[in-house]
Amino acid sequence: MVKQPILLPCQHSVCLLCAAEVLVQRGYPPPDLPPEPNSPASTPNTHSPRQARKPTPRTPDRLERVLRTVCGTYPGRRRKDAAPPPMLFPCSSCQQDVELGEKGLTDCLRNLTLERIVERYRHTVSLGSVAIMCGFCKPPQSLEATKGCADCKSNFCNECFKLYHPWGTPRAQHEHILPTNNFRPKVLTCTEHEQERLQWYCRNCQRLLCPLCKLRRVHHGHKVLPIAQAYQALKDKVNKEVNFILANQETIQIQITQLEAANKQMEANSAVALHQLTHCIRELGAAVAERQGALALALEGSRRRREDALSAQISERQGLLEHAGLMAYTQELLKETDPPCFVQAARVTHSRLVKAIENLQCFSPSADPSFRHFHLDASKEVKLIHSLEFIRAPLAPVIDTQKTLAYDELFLCWRLPQDSAPAWHFSVEYQRRAGGAAATWGGTRSPNAATAWLRLDEVRGTNAVIDQLQIDSVYVLRVRGCNKAGFGEYSEDVYLHTPPAPVLSFSLDSRWGLHADRLALGRGQTYARSVPGLSLLQAANRTLTSCHLTSDLLVADLSVTQGRHYWACSVEPGSYLVKVGVGQEAKLQEWFHLPQDMASPRCDPDSGHDSGAEDGQDSPPFCFLTMGMGKILLPQGHGHTQSQGDSHSHGGVHSHGSSHSNLPHPHTAPLPPRLGVCLDCDKGRVTFYDAHSLRILWEGHMDCSAPVCPAFCFIGGGALQLQDLVASRNIEEPPPRRVTIQTCATNLSK
């Protein structure tokens, strides 16, 4: 049973005396601990009140005594002295060291709620079997206490209570409670300002405050609530949570059954795993023993061969001794006097003697007696044995944010960390967040803002394509690997925003007679590069008399008349000037086939006013955004009708569709890796995005009464690449299985 529990900064409760003992074990000053409440020494026995004696002055409260000894400052410490290091208390609940601060346990409030719960429990189950005696009766006449006074913090029998709480006196208003050995304060008071009640609650600091603490600068700007309001709000939340749990009792029981079954299955699986471990080690030992036998046989065979060779060499040398073998036979042969017989018999002996002399002069053993190359180096194998581990599931994959994108479909790319176990296949899970980008970016997500998780099972490789998506929606994706050990951890969630309109697929049109010396298209006609050629070099002679800028126009191979469309492209950062936008197909062809002087303000291709016929139009026929040299030019404000003759920049470097008179100081921004363009033909609006984050860069207006098409203009050298469709990527892996992850829980609002 807890006694005098206090709340640690981690919001866990611990007995005050237990906390003091733990701090002593950690080397803090030893406290003068009071006796246990249930011990005989804890029951004061003073003179009887019948002898008209005043109550003995109450000894200091246990909390005050322990705090004065354990956490109080040392007497005589000057204000300039260095403060003692903060106390660290090891919380057994969260398994972490909690910093108590300079005042130690003084800053920890008593958990009066827990004390009341324990007190009610003690009286309910009759744990207080030891009688609590009156604290003011004479020992021979001590009576059992029947009441306790919360203000006097003492236990009384009926007679003593009446005597010390007479009618008509302030003591008669004291609160009487059941007898107890653990008196607690009636209300919580501030630990820094004595007798100041805690009347406020700071939501930012999550601390109770007294009126004086509320005035501190540290709580300036914080959301501070009256304690009654915080009490009601927290009580409503707790009641709602309790009702939710009570409404899901059947689900809890089902989960308990599943956990019990899982526990039994775990025991069985652990036994099987232990058996497999023993079997594997036995097989490993058997393989080592078998290999040891094979190596021992090879060693024995080499020893025998060497022994035979050395034995033969020894026998041969023994034959060369004076009275044995070859020498004895030769000496007898020399005694032969018949020449024919001697020659016939001595020829073979002569050959043997010549060979023996050669062996004597070039002596070497016929076999190496050392076995150095038969020493076994098992350091690598021992290291492998020491590194034996159970098979591990793959680590959390790392999402490749450079390749992952959302276009016509979602393309997710990832890789495993270097120290990860290999994965047999992957599982990709994705979820649509309701409410568009606002549900995820900036603002708090509600629990009901997300739909059910969808999953692609058994994905081979390290990329996946997700189709059947909704326009202008935020999707959260995650992936995990699987092998023989099961599924590993999830990767970090990645959020992708689908385009605001259906993706328009097109190629660059090469039928308008491109300048072959300056402009070239790549394979598939989705890549274009402009290189200033000989024509610009020849025009350099006229730069002192007039201004001629070469520009090359590229348009899409299709045009649109209605609906909303989106496409994306990437401009090479080293490009000089590139203009990306849309325009009326007829006006683009007219401008291409009748090129004008780029310096003429009436013929600026960005102005949309190459003749006086369009001066009365509300919107221009072109809308471009200019970028180059790693920057993008962003006019201020939204685009509106452009006044006649107010475009006078060389080459039309101003983004088109905006009023030049309203935009005296356009600014630049870094060129995004990919630029998105959204055309709304119904509203006559063109929106330019950072295609990676779908952040709006600029909006303009144009006349969409005639067919319009995407257009690109090069001024000087540059290159651009149209965004390829995700659906057109070549992925050889078979399509993964698509499943829906079901969750079983009662709605909180029910």
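Helix 6 contributes the largest share of the lining of the largest pocket, 9 residues. The model is a predicted one, in which local features require pLDDT of at least 70 and side-chain atom pairs pLDDT 80 or more, while totals for chains, interfaces and linings use all residues. Residues are numbered from 1 along each chain as its sequence is written, and side-chain values use heavy atoms, with hydrogens and water left out.

A pocket is an open set of points on a 1 Å grid over the protein atoms alone, where a 1.4 Å probe fits, with protein on both sides within 12 Å along at least five of seven lines; its lining residues have an atom within 4 Å of a point. The largest pocket holds about 1,900 Å³ of space, the volume being that filled by probe spheres set on the points. Its lining comprises 45 residues, with L109, Y201, R207, L208 and I227 nearest the centre. Two or more lining residues come from each of strand 4 (96-101), helix 3 (112-125), strand 9 (207-209) and helix 6 (227-247); helices (H or I, at least four residues) and strands (E, at least two) are DSSP runs, numbered from the N terminus.

In helix 1 (residues 16-25), L16, L17, A19, A20 and L23 are buried (under 20% relative accessible area, 1.4 Å probe, protein chains only). The buried residues fall within an arc of 160° seen down the axis of helix 1, so they line one face of the helix; the arc is that of the directions from the helix axis to the C-beta atoms. G27, which follows helix 1, has a positive phi, near 95°.

Y566 is located in strand 23 (residues 564-571) and counts as buried at 2% relative accessibility. Y566 and V686 lie 120 residues apart in sequence, with a C-alpha to C-alpha distance of 9.8 Å.

Note on methods
Buried means under 20% relative accessible area, exposed over 50%, partly exposed in between (1.4 Å probe, protein chains only).
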